[in-house]
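Here is a briefing on one protein chain. Look through the sequence and the structure first, then read the points below.

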Amino acid sequence: MKLFGFEIKRAADEPENQPVSFAEPINDDGAITVGSQGGFVSTTLDMEGSAKTESELITRYRNMSMQPEITQAVDEVVNEAINVDTFDKVVEIILEDTDLPDRVIEKVQEEFNNILSLLDFTNNGYDMFQKFYVDGRLNYHVIIDEENLKKGIVELRYVDPRKLKLIREMEKSKVSQSSGDIGTKKVKYEYYIYSENGFGSGSSNAGGGVGGALKISKDSVARVTSGIVNETNSLVLGHLHPAMKPLNQLRMLEDATIIYTLTRAPERRIFYIDVGNLPKSKAEQYLRDMMTRHKNKLQYNSSTGEITDGRKMMTMTEDFWFPRRGGERTTEVDTLAGGTSQALSTDENLQYFQRKLFKSLRVPLSRLEPESMYAFGRVSEITRDELKFGKFVRRLRARFSWIFNIILEKQLVLKGIMTPDDFAKIRNDIRYDFIKDNYFEELKNAEIIRERMSTLRDVEEYKGEYFSKSWIQKNVLMMSDEDIEEIQDEMEIEKENEPDDPDDLDMDMDLDNDSDNNTEIKLMSEVDIQESQLKLLESMTKFIDSE
């Protein structure tokens with residue numbers, strides 16, 4: 001079976017050496033696991049009757065991101081994760097922990113820069129991270145020149161995750177009841193299927209087969225997911241999923257509050273009509289006559305400019321009419337005060353659900369509430385939420401960086417710089433350095449260094465008596481053996497580059513001054529000699545003239 005796209009060939013005996021297990025692989029990449037007979041069954045998720053498929057779930061996330069509170073939270077997360085600077089790169093690859101030769105490191109860094117150029121990451125990095133954060137998945141089609149593979153990747157094209165599915169076919173061994181063997185499982189095939197119409201509930205591909213979908217080899221797609229799955233481990237969720245229920249509650253409460261406010265806004269009259277001892281039918285007729293006589297009769301249509309008679313319409317926003325029988329109290333007209341406009345802003349329930357929504361987004365409340373101006377200060381003044389938010393952003397960056405590893409591996413293999421096995425050895429040693437823009441992180445690091453220096457000054461007088469230099473470096477300054485060795489080498493290099501002793505430098509300067517003085521003396525002597533010669537010549541000339 002020939003798949004659309006390309007496939008990086010492995011060794012011929014590799015399928016036999018694949019690991020086998022009685023359990024299926026962890027489904028944190030959204031793959032649909034099927035048996036060796038082929039075909040697949042669509043995955044459904046019932047969330048209060050709103051989302052039935054993965055496609056509908058992604059659409060729901062995108063609709064949620066249009067809510068003002070969630071839009072602000074998404075901006076806070078993305079702005080913290082992706083920063084653009086005039087002089088520095090948005091992200092750099094760090095290969096210090098690898099054992100690669102220097103020439104290979106230079107080539108890897110060069111190819112990584114080429115990948116950033118293909119993605120136009122400086123301009124599109126914000127949008128890429130936002131799609132990853134909102135949708136919970138990010139897909140790119142890796143396009144190559146099949147006539148010249150040495151050119152590597154020629155284009156990286158974004159693919160809507162609603163149109164792409166990962167299929168994983170498992171091969172199961174036979175179960176032997178007599179020997180107690182429960183059977184083993186291993187991956188047989190992995191590929192993607194693409195449908196232009198998507199895999200929503202209304203598409204022909206929604207369940208029970210691939211239909212008219214196109215099969216694509218796994219190596220042709222670079223994919224990264226959020227890593228968050230549902231309870232049954234069958235569907236990948238996005239980072240906005242915890243905010244789904246609080247958002248629905250907040251929307252309903254806002255709508256209810258607005259409706260209540262608008263309904264109670266106008267002041268209405270209450271008519272108590274004295275019907276005396278009239279029979280019921282006569283009393284009702286008399287009440288209707290009074291309503292017709294005193295109600296608003298004319299209505300103005302602003303769209304057509306017509307004036308209509310509204311005698312037959314009676315709404316809850318108009319007057320109330322109640323019959324009254326006998327007694328001392330007769331016909332009476334009272335007023336019902338309208339609702340205040342402060343109900344929307346002072347409702348405690350509304351504020352509760354709003355704060356609940358903010359907490360589900362993992363963004364500090366001080367960032368989402370502009371009226372609470374937060375002043376930057378020392379670490380002791382920084383809230384714990386800010387530190388947790390910084391760690392949350394670092395986790396997002398680490399997960400997002402998987403897309404770089406996947407694309408970089410394909411680029412290096414296509415250009416013949418590395419083999420898949422070579423890249424697998426250094427995969428866990430590759431790190432990516434993003435530009436940091438968290439002022440709280442800088443304050444925290446500065447505060448840590450300040451406290452360590454203060455402790456160092458306190459134990460300095462006990463060095464050599466109770467504490468050794470090595471113990472102070474490791475337990476007070478928290479240095480590792482590699483840090484101590486590196487700092488020692490740097491100190492020796494700096495010592496070699498330092499100038500000589502200041503006294504020697506002064507002596508050299510004095511000698512230089514003396515030599516300058518001697519030179520000046522020599523120059524002055526030559527001038528004196530010339531002047532003496534001129535005077536002698538003049539005297540001789542005068543003597544000759546006198547002769």
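The protein averages a pLDDT of 75, and 66% of its residues score at least 70. It has 16 helices and 16 strands.

**Confidence**

- Residues 202-210 have a pLDDT below 50. This stretch still has 18 contacts in the model beyond near neighbours in sequence.
- Residues 515-524 also stay under 50 in pLDDT. For them the model has zero contacts beyond four places in sequence.
- Where pLDDT is low, the predicted coordinates should not be read in detail.

**Overall make-up**

- The protein has 547 residues, of which 35% count as buried.
- Take the contacts with a separation of 6 or more: 72% of them join residues 24 or more positions apart.

**Helix pair α3 and α11**

- Two packed helices are described by the angle between their axes and the distance between the axes.
- Helix α3 spans residues 102-119, and helix α11 spans residues 402-414. Their axes come within 10 Å and cross at roughly 115°.
- The crossing of α3 past α11 is right-handed.
- On the α3 side, the contact is made by V108, E111, F112, N114, I115, L116 and L119. On the α11 side, F404, I407, L408, Q411 and L412 take part.
- By class, this contact of α3 with α11 has nine nonpolar, two polar and one charged residues.

**Buried residues in strands**

- R137 is found in strand β3 (residues 137-144). Is R137 buried or exposed? R137 counts as buried because its relative accessibility is 0%.
- Which backbone oxygens does the side chain of R137 reach? One is that of D135, 2.6 Å from a polar atom of the R137 side chain. Another is that of V236, at 2.3 Å.
- Beyond four places in sequence, R137 is in contact with E54, I58, K131, F132, P161, R223, V224, T225, V236 and L237.
- Y191 lies in strand β6 (residues 185-194). Y191 has 4% relative accessibility, so this residue counts as buried.
- The side chains of Y191 and E169 are joined by a polar contact of 2.9 Å.
- Y191 and K218 sit 27 residues apart in sequence. Their C-alpha atoms are 4.7 Å apart in space.

- I430 lies in the loop between α12 (420-426) and β16 (431-434). I430 counts as buried because its relative accessibility is 8%, and the cut-off for buried is under 20%.
- How far apart are the C-alpha atoms of I430 and I94? They are separated by 6.1 Å, although the two residues are 336 apart along the chain.
- Not counting residues up to four places away in sequence, I430 touches I93, I94, L95, N405 and F423.
- T330 is found in the loop between β14 (320-324) and β15 (332-336). T330 has 44% relative accessibility, so this residue counts as partly exposed.
- T330 and Y272 are 58 residues apart along the chain, with 7.8 Å between their C-alpha atoms.
- Leaving aside neighbours within four places in sequence, T330 is in contact with Y272, D274 and R324.

- R362 is not a glycine, yet its phi is positive, at about 65°. R362 is found in the loop between α8 (348-360) and α9 (365-368).
- R362 counts as partly exposed because its relative accessibility is 46%.
- M478 also has a positive phi, near 55°, and is a residue other than glycine. M478 is found in the loop between α14 (469-475) and α15 (481-497).
- M478 has a relative accessible area of 51%. The cut-off for exposed is over 50%, so M478 is exposed.

Definitions and conventions:
Residues are numbered from 1 along each chain as its sequence is written. This is a predicted model: local features need pLDDT of at least 70, side-chain atom pairs count only at pLDDT 80 or more; totals for chains, interfaces and linings use all residues. Side-chain values use heavy atoms; hydrogens and water are left out. Axes are lines fitted to C-alpha atoms, for helices over the stretch in contact, and angles run from 0 to 180 degrees between N-to-C directions. Helices (H or I, at least four residues) and strands (E, at least two) are DSSP runs, numbered from the N terminus. A crossing is left-handed if the near helix is turned anticlockwise from the far one by less than a right angle, and right-handed if clockwise. Contact means heavy atoms within 4.5 Å. Ala, Val, Leu, Ile, Met, Phe, Trp, Tyr, Cys and Pro count as nonpolar, Asp, Glu, Lys and Arg as charged, and the others, Gly among them, as polar. pLDDT is the predictor's confidence in each residue, from 0 to 100. Buried means under 20% relative accessible area, exposed over 50%, partly exposed in between (1.4 Å probe, protein chains only). A polar contact is a pair of N or O atoms within 3.5 Å; within protein, one must be able to donate a hydrogen and the other to accept it, and residues adjacent in sequence count only if both atoms are side-chain atoms.
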